[in-house]
Amino acid sequence: MNDAILKLEDVSYRYADGTRALDACSLTIRRGTRTAVLGANGAGKTTMFLHLNGILRPSAGQVYREGMPLDYSRGGLRNLRSKVGMVFQNPDSQLFSASVREDVSFGPMNLGLEEAVARKRVEEALLAVGMAEFADRPVHNLSYGQKKRVCIAGVLAMQPEIVVLDEPMAGLDAVMQEELTTVLERLHAAGMTIVIATHDLDFAYGWADEVVVLQSGRLLAHGTPAEVLMRPEVQGKLGATPLVAEITRSLSLIGIDLRDNGYLPRSKNELLKAIAAQTRQEDSL
Ligand SMILES: Nc1ncnc2c1ncn2[C@@H]1O[C@H](COP(=O)(O)OP(=O)(O)OP(=O)(O)O)[C@@H](O)[C@H]1O
Ligand SMILES: [Mg+2]
């Protein structure tokens with residue numbers, strides 16, 4: 001069921017001061033897929049994301065959801081935002097209620113859900129991001145990472161079809177990053193379409209089905225992580241390579257082939273398992 005759920009067609013965007021932040025970007029996001037959007041600071045990731053839920057409207061080109069051009073009327077945007085949940089890069093631009101619970105409740109209440117249903121969703125979302133015990137705390141006293149988690153809970157509680165997360169891992173501690181990865185896995189397994197902007201190449205390599213690389217507002221590359229992230233010109237622009245891919249390649253240069261039926265390890269755990277399997281093979285020879 002990999003039909004186009006979101007599509008950008010030749011989208012360009014200029015900010016009021018004349019900055020050209022997106023330049024003729026075309027991109028199709030297929031239903032149920034995990035997409036990582038990469039690119040240097042200022043490449044246009046946030047600007048692109050703000051087009052996906054209609055906060056920004058293209059200066060030229062068109063955005064589509066399920067084959068229909070976005071409807072920028074009040075009702076159209078309301079409907080769009082119930083389908084496309086957005087976690088902003090800066091949590092302070094998303095949180096506005098007094099308490100954590102109030103903030104996370106805002107979306108579900110606005111959907112017109114029954115109170116008991118909304119309350120259940122809110123509690124589940126707070127649990128999912130490890131913030132249940134903070135439900136009655138004032139939002140303004142939370143740490144940066146805690147605010148970020150509350151923003152993520154706010155979007156989860158809406159149960160949108162598509163979640164767009166702008167650098168969700170930035171500012172989260174290692175345990176929470178791991179937990180967020182598990183939450184994302186669960187959402188993916190439940191059929192949600194997920195789009196994430198990140199500077200973490202290792203995460204993108206291990207997690208994404210598709211990787212998009214932006215450079216100065218233009219789409220430099222789009223494809224599978226292995227295809228895109230191993231291209232020298234992409235590596236040059238991003239200034240790095242995924243560590244697992246680099247180790248796999250270095251080992252292949254000294255004759256250790258970690259491929260298993262054509263599958264290369266994509267995460268640290270898969271890499272360690274593949275190396276252990278090789279070692280066992282060597283031992284049995
Ligand atoms: N409100 C604004 N007015 C004018 N220019 C802007 C505005 N917001 C962003 N820009 C410019 O648009 C370009 C794209 O910015 P954007 O925030 O989309 O980049 P990004 O890829 O998200 O970067 P980062 O990795 O730092 O979050 C940059 O040149 C930036 O300076
Ligand atoms: Mg950004």
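Predicted model: local features only at pLDDT ≥ 70, side-chain atom pairs only at ≥ 80, totals over all residues.
Start with the overall layout. Eight residues of domain 1 are in contact with eight residues of domain 2. On the domain 1 side, helix H7 (201-207) and helix H8 (225-229) each supply at least two of the touching residues. H7 gives the most, with four residues. By class, this side of domain 1 has five nonpolar residues, two polar ones and one charged one.

Next comes the ligand. Ligand 1 is surrounded by 13 residues. The closest are Tyr15, Ala21, Lys45, Thr46 and Thr47. Eight residues of this shell are polar, three are nonpolar and two are charged. Which helix gives the most to the shell? It is helix H1, residues 45-52, with three residues.

After H1 comes Gly54, whose phi is positive, near 75°.

Now turn to a pair of helices. Two packed helices are described by the angle between their axes and the distance between the axes. Here the pair is H3 and helix H5 (residues 144-156), which pack at an angle of about 30°. Their axes are 7 Å apart. The crossing of H3 and H5 is right-handed. From H3, the contact is made by Val100, Asp103, Val104 and Gly107. From H5, Val150, Ala153 and Gly154 take part. Sorted by class, the residues of this contact are four nonpolar, two polar and one charged.

Stay with H3 for a moment. This helix spans residues 100-110, and Asn110 lies in it. Is Asn110 buried or partly exposed? Asn110 has 13 other C-beta atoms within 10 Å, so it counts as partly exposed. Asn110 and Met158 are 48 residues apart along the chain, yet their C-alpha atoms are separated by 9.4 Å.

Arg137 belongs to the loop between helix H4 (115-128) and H5. Arg137 is partly exposed because it has 16 C-beta neighbours inside 10 Å. Leaving out residues up to four places away in sequence, Arg137 touches Ser99, Val100 and Leu142. One of these, Val100, is also part of the contact of H3 with H5. Arg137 and Glu102 are 35 residues apart in sequence, and their C-alpha atoms are 9.9 Å apart in space.

Most residues other than glycine have a negative phi. Glu167 has a positive one, near 50°. Glu167 lies in the loop between strand E7 (162-166) and helix H6 (174-189). Is Glu167 buried or exposed? Glu167 counts as buried, because 21 C-beta neighbours lie inside 10 Å. Ser216 also has a positive phi, near 45°. Its loop runs between strand E9 (210-215) and strand E10 (218-223). Ser216 has 15 C-beta neighbours inside 10 Å, so it counts as partly exposed.

Gly67 is found between strand E4 (60-65) and strand E5 (68-69). Gly67 counts as exposed because it has 9 C-beta neighbours inside 10 Å. Sequence separates Gly67 from Ile5 by 62 residues, but their C-alpha atoms are separated by 7.3 Å.

Ile254 sits in the loop between helix H10 (243-253) and helix H11 (268-284). With 6 other C-beta atoms within 10 Å, Ile254 is exposed. How far apart in space are Ile254 and Gly154, C-alpha to C-alpha? The distance is 49 Å, for residues 100 apart in sequence. Gly154 is one of the H5 residues in the contact with H3.

Definitions and conventions. Residues numbered from 1 in each chain as written. Chains lettered and ligands numbered in written order. Contact = placed C-beta atoms within 7 Å. Nonpolar A, V, L, I, M, F, W, Y, C, P; charged D, E, K, R; others polar. Near = placed C-beta within 6 Å. Buried ≥ 20, exposed ≤ 12 C-beta atoms within 10 Å, placed from the backbone. Axes fitted to C-alpha atoms, helices over the stretch in contact; angles between N-to-C directions. Left-handed = near helix turned anticlockwise from the far one by under 90°.
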